[in-house]
Amino acid sequence: MRIVIAEDLALLRDGLIRIFRANGFEVADAVDNGPSLIRALTTHRPDVAVVDVRLPPAFTDEGLRAAIDARKLIPALPVVVLSQYVEQLYARELMSDRAGAVGYLLKDRVMAVDQFVANVRQVAAGSTVMDPDVVAALLTHRSTDPRLLELTPREHEVLSLMAQGRTNAAIAARMYVSEKTVSKHSYNIFTKLGLEPSEDDHRRILAVLAYLEG
């Protein structure tokens with residue numbers, strides 16, 4: 001699996017290169033600024049990109065902008081964006097094309113190497129993966145919505161795990177319940193939120209995120 005990395009901090013960039021090579025990835029390029037990232041993505045067309053939100057020259061949102069621009073040239077290019085903090089706006093903009101194959105993770109998650117690599121592989125396979133803290137922020141943003149208030153505590157838990165990109169099987173394992181129970185909770189969530197039920201994990205996650213971002 002070929003990957004492009006964009007990170008301006010040399011130590012972290014080198015660490016990411018080592019992590020991915022140790023886990024069977026081919027690092028096609030590793031850059032430290034926005035313009036170089038766009039060139040690397042359009043030239044190498046990798047299976048997935050891991051991108052820091054803030055890159056030179058301005059250190060604002062160059063990495064995010066470069067990733068979004070690249071996805072316009074290469075539709076549905078899988079991109080995992082890394083951020084130091086929870087930024088709801090960045091999460092919304094990253095998913096604005098509704099094409100999926102995106103991830104928004106906090107840099108702290110890189111320390112949990114196995115899970116981090118698994119998340120990157122999920123995105124490369126076309127899934128949407130959100131950091132739990134970002135999901136929590138989106139839930140808080142919509143906490144006054146009467147439809148969210150109708151959800152039971154278990155349904156809230158399922159919704160949060162669903163929005164993180166977990167399948168029914170993964171949610172069932174995490175909650176120590178059966179997949180049938182998770183399916184029932186999922187149906188109730190979609191009904192209460194006024195969303196069309198779906199058995200397709202990818203479309204289901206995008207639908208829930210679309211609601212949470214609203």
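Reader: Why does F20 count as buried?

Author: In this predicted model, where local features need pLDDT of at least 70, side-chain atom pairs count only at pLDDT 80 or more, and totals for chains, interfaces and linings use all residues, F20 has a relative accessibility of 0%. Buried means under 20% relative accessible area, exposed over 50%, and partly exposed in between, with a 1.4 Å probe and protein chains only, so F20 counts as buried. Residues are numbered from 1 along each chain as its sequence is written, and side-chain values use heavy atoms, with hydrogens and water left out.

Reader: What makes F20 and F25 an edge-to-face pair?

Author: Rings of Phe, Tyr and Trp (its six-membered ring) pair if their centres lie within 6.5 Å, and planes under 30 degrees apart count as stacked, over 60 as edge-to-face and the rest as tilted. The rings of F20 and F25 are 5.0 Å centre to centre with 70° between the planes, so by these cut-offs the pair is edge-to-face. F25 counts as buried because its relative accessibility is 5%.

Reader: Why is the pair of F20 and F116 called tilted?

Author: The ring centres of F20 and F116 are 5.7 Å apart and their planes stand at 50°, so this pair is tilted. The pair links distant parts of the chain, since F20 is in helix α1 (residues 10-22) and F116 is in helix α5 (residues 113-124), 96 residues apart. F116, with a relative accessible area of 1%, is buried. F20, F25 and F116 form one aromatic cluster, and the structure holds 2 aromatic pairs.

Reader: Which residues does F20 touch, and what is meant by touching?

Author: Contact means heavy atoms within 4.5 Å. Leaving out residues up to four places away in sequence, F20 touches I3, I5, F25, V27, V50, F116 and V120.

Reader: What makes F190 a buried residue?

Author: F190 has 2% relative accessibility, so F190 counts as buried. F190 lies in helix α10 (residues 179-193), and, not counting residues up to four places away in sequence, its contacts are M162, L195, E196, P197, R204, A207 and V208. Of these, A207 is 17 residues from F190 in sequence and 9.2 Å from F190 in space, C-alpha to C-alpha.

Reader: How many helices and strands are there, and how are they defined?

Author: The protein chain has 11 helices and 6 strands; helices (H or I, at least four residues) and strands (E, at least two) are DSSP runs, numbered from the N terminus. The radius of gyration of this chain is 17 Å, close to the 17 Å that the globule rule gives for 214 residues, so the chain is as compact as a globular protein of that length. That radius is taken over C-alpha atoms, and the globule rule is 2.2 Å times the number of residues to the power 0.38. The C-alpha atoms fill a box of roughly 45 × 30 × 30 Å along the principal axes.

Reader: How much of the whole chain is buried?

Author: Of the 214 residues of the protein chain, the buried share is 49%. Among contacts between residues at least 6 apart in sequence, 65% join residues at least 24 apart.
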